[in-house]
Amino acid sequence: MSTITPKKSPKRPSRRHFDHRDRLILALYAQLRAERETREALEWAIENGAISPDVLQAMISDPVPVITSEDVAALERLLARDTSANIPH
């Protein structure tokens, strides 16, 4: 009499650790997606008269900066670190 042994399911690799570039790509994707959803909601609100012209004027006259000086400084530090890590010593 033969015995049947159950097949082992393939092991999944352990949870992947994202490096700083992966995290940046994911963050940029999330930001892009949020901006698209915001534009769609704004377009709907304009088409349906849910936003007054005064509110639209206020939004246009006081825009939120897409990137701040702190963001630029952080990116420059990150790039400098990445560049120095790739230079052979």
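Is Arg21 buried, partly exposed or exposed? I looked it up: Arg21 is partly exposed, with a relative accessible area of 45%. The scale I used calls a residue buried under 20% relative accessible area, exposed over 50% and partly exposed in between (1.4 Å probe, protein chains only).

**Ground rules.** I am working on a predicted model, where local features need pLDDT of at least 70, side-chain atom pairs count only at pLDDT 80 or more, and totals for chains, interfaces and linings use all residues. Residues are numbered from 1 along each chain as its sequence is written, and side-chain values use heavy atoms, with hydrogens and water left out.

**Overall fold.** I counted 3 helices and 0 strands. Along the sequence the pattern reads α-α-α. Helices (H or I, at least four residues) and strands (E, at least two) are DSSP runs, numbered from the N terminus. Buried residues make up 3% of the 89 residues. The protein exposes about 8900 Å², and carbon and sulfur atoms supply 60% of that area. The areas come from the Shrake-Rupley method with a 1.4 Å probe; for residues, only the protein chains shown count as cover.

**Helix H1.** I then went to H1, which has 28 residues. From first C-alpha to last, H1 reaches 40 Å, close to the 40 Å expected at 1.5 Å a residue. That expected span is 1.5 Å times one less than the number of residues. At the start of H1, a side-chain oxygen of Asp19 comes to within 3.2 Å of the backbone nitrogen of Arg21. Just after H1, Gly49 takes a positive phi of about 70°.

**Salt bridges.** How many salt bridges are there? The count comes to 2, taking a side-chain nitrogen of Lys or Arg within 4 Å of a carboxyl oxygen of Asp or Glu. One joins the side chains of Asp19 and Arg21 at 3.5 Å, N to O. Asp19 is partly exposed, at 29% relative accessible area. I also found Glu37 bridged to Arg33, with the closest N and O atoms 3.4 Å apart. Glu37 and Arg33 are 4 residues apart in helix H1, so about one helical turn separates them. An α-helix has 3.6 residues a turn, so residues three or four places apart point the same way. Glu37 is partly exposed at 44%, and Arg33 is partly exposed at 47%.

**Leu42.** This residue is in helix H1. At 28% relative accessibility, Leu42 counts as partly exposed. What does Leu42 contact, leaving aside neighbours within four places in sequence? I noted Ile51, Leu56 and Met59, with contact meaning heavy atoms within 4.5 Å. Leu42 and Leu56 are 14 residues apart along the chain, and their C-alpha atoms are separated by 9.7 Å.

**Nonpolar patch.** Leu24, Leu28, Val66, Ile67, Val72 and Leu75 make a nonpolar patch of about 500 Å². Patch members have over 30% relative accessible area and no salt bridge; like charges are joined within 9 Å, nonpolar side chains (Val, Leu, Ile, Met, Phe, Trp, Tyr) within 5 Å. Helix H1 (20–47) and helix H3 (69–86) each supply at least two residues of the patch. Leu75 sits in helix H3 and is partly exposed at 33%. Where is Ile67? I placed Ile67 in the loop between helix H2 (53–61) and H3. Ile67 is partly exposed at 45%. Leaving aside neighbours within four places in sequence, Ile67 is in contact with Val72 and Leu75.

Terms used:
A polar contact is a pair of N or O atoms within 3.5 Å; within protein, one must be able to donate a hydrogen and the other to accept it, and residues adjacent in sequence count only if both atoms are side-chain atoms.
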